Amino acid sequence: MNLGMHLRRTIDTALVTLTTMVALAGFATVYAGWTWLVFGIVGVGLAIGAGFLAERFALPAVAAVALGMVGLIVLAGPVVLPQTTVGRVVPTAATLRALVDGAVGGWREIVTIAPPIAAEGHLAVAPYLCGFATALAGFLLATRTRIALAPILAPAGLLVGGILLGTAEPAALWLQGSGFAVLALGWVAVRQRWRAGAALPVRLSGLLTAVGMLLVAAGAGYGAVLVVPVGDQERYVLREHVDRPFDPRQYPSPLAGFRRYEVALKSKVLFTVAGLPAGARIQLAAMDTYDGAVWGVAGNGITTASGMFERVGERVPTNRQGRAARVTITVKDLDGVWVPMVGNLRELRFSGDRAMDLTASFRYNRETGSAVVPARLRAGDRLNTSVVVPVVPETGMLTGQAVVDTELPRPIGVPESVAATATEWTAGAGTPVAQMRALVDKLRQGAFSDGTADSGVRSRPGHGAGRLREFLAADQLVGDAEQYAATLGLLARALGIPARVVLGVAPTDGFTGDVTGSMVTAWVEVPVDGAGWVAFDPTPPVTNRPQPPQPENQPNGTTEVVAPPVIVVQPPAQLPPPDSVRDPKAGAADGTRSGWVWRLLRIAATIALPLLPIAAALAAVVGWKARRRRGRRGRGTTSHRLALGWTEALDRLRDLGVAV
């Protein structure tokens, strides 16, 4: 190979590497950190090495691909998937399985997980494969074809793919747009001159022309990489147009199982918490839709509601202000899909035997701060989080603040008495916060009952329309947090105040330790301007016992006299006159038989009369078909009768229910 050929191979290799790395920059907004870039560089180096070996020994392109695949599998373990190897070096069956999972299903998960994603497990395979496939395709096209434009097609495809898999915010406009355009145009121009047999441009005029063309290409590339349609629309990325797979409506309402926490799991340790800041609450679920039966979590169709759960990476960007804290939650007897969360999540990491499964199953709602794991929690699961806990002032300091207009699903099936009760209880309250305080004060005057015999008065569980109608109509409000929180949420909505019901734990300041079922409660949150979602606790203290019903008092000194029953004396039976007695045999022979026959005739007439019109219609249809059949058999020429006979056969098949 002469010096010119070596120079061409060097330039092709350098430009394949540079354009592939620029195209890989689109993953910068998808992954957290820079380990993904290391994986991409390893993939590019592996592809260039396989291409050089095939070129050195004059092997076909298929052999180059095979060599590259072998190296891809060997290096995938120690570089990308060390947790699946033996001694972080030797690949195993788990390595191959993770590599296949990343190659087949990793793309779907990338666009359904909210970035930035931790470059771990099978999710780290994408940049590794992209770097390898793009560089190998570009190198083979550059060394085995004379088409000037061919080698740039692979990096250009990766550039577009990285934009589609990325976010609405570009990773690096100048690098992806102008930088790629300059490299691509310069590479194509050089290869075009090689094809024409000319040397590289060295004259000043040629250099100036080349620089001018590169500047034009830089400007055009900068605008093209925006991928922005005409107008004010954002650039097109796939993650903005995919359906989230998790639908909370498939699961029961978290509030519907409240009585289980306070009775069956009263003394059970649900989970332990460490690092909880003072005044912070632990949230299990936030519900903002009511259907007449339960408060529930809205579906995915409402983007601003509680149902938008999405997969998130190890880091969750948030602009919320407050106290930073690291909270660790260890699951004990808590089961289900709802994950205890504190404040607004910034980072999370599961630990334990099921860490990888829980990480893949975790879904987070940025709007409400709720989280779920469809894989369900089990004893021993541990969640390490970094959170921001907003500092919320006391409600007494927010009386004059306005409520933020928030779009929430409209409740349906609300009891009729709710609106009238809300108006009555908030008479004189001028602002929404003052109205909420008035409602809370009225509800906290009620009595607490968990439905057990120790409560004095049994209280039924549930918060459907009938139960809440009964709750408000009683002489004394009696219930637990389920009824009080559900009622306050509907009362607030009746006044036009956006409110949601939250199930969780409100421990005392500085709490650290075991959370039992008796600590689970429910409250209502309202978005207040400048303070975020403010909690209102309507449940009265446990010490507010319901008053038993008073027995009716009897007047003193009086004795109730029970009157004896009245006995009616019947007169003696009268015998019929002698001439009215008839022979039993005569009656059986004439009166009884004729009456029986007459009754049968009446029954037959009653049944037959309604059927006569139907029978007449059926007879008309049958007669018309018979007349048509005779006409088809005897009318017209022979060919005409054959055609009508075929039509008759089709009609018969349809009458018999046979699909023709």
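Colleague: Quick one to start: is D12 buried or exposed?

Modeller: D12 is buried, with a relative accessible area of 1%. Buried means under 20% relative accessible area, exposed is over 50%, and partly exposed is in between (1.4 Å probe, protein chains only). Keep in mind that this is a predicted model, where local features need pLDDT of at least 70, side-chain atom pairs count only at pLDDT 80 or more, and totals for chains, interfaces and linings use all residues. Residues are numbered from 1 along each chain as its sequence is written, and side-chain values use heavy atoms, with hydrogens and water left out.

Colleague: Okay, and which side chain does D12 meet in a salt bridge?

Modeller: That's R191, at 3.5 Å, N to O. A salt bridge here is a side-chain nitrogen of Lys or Arg within 4 Å of a carboxyl oxygen of Asp or Glu.

Colleague: New topic: what about R500 and E525?

Modeller: Their side chains form a salt bridge at 3.0 Å, N to O. R500 lies in strand β16 and E525 in strand β18, 25 residues apart. R500 is buried at 5%, and E525 is buried at 9%.

Colleague: How many salt bridges are there in the whole structure?

Modeller: The search finds 17. Among the residues involved, E120, E314 and R349 are linked in a network.

Definitions and conventions:
Helix = DSSP H or I, 4+ residues; strand = E, 2+ residues; numbered from the N terminus.
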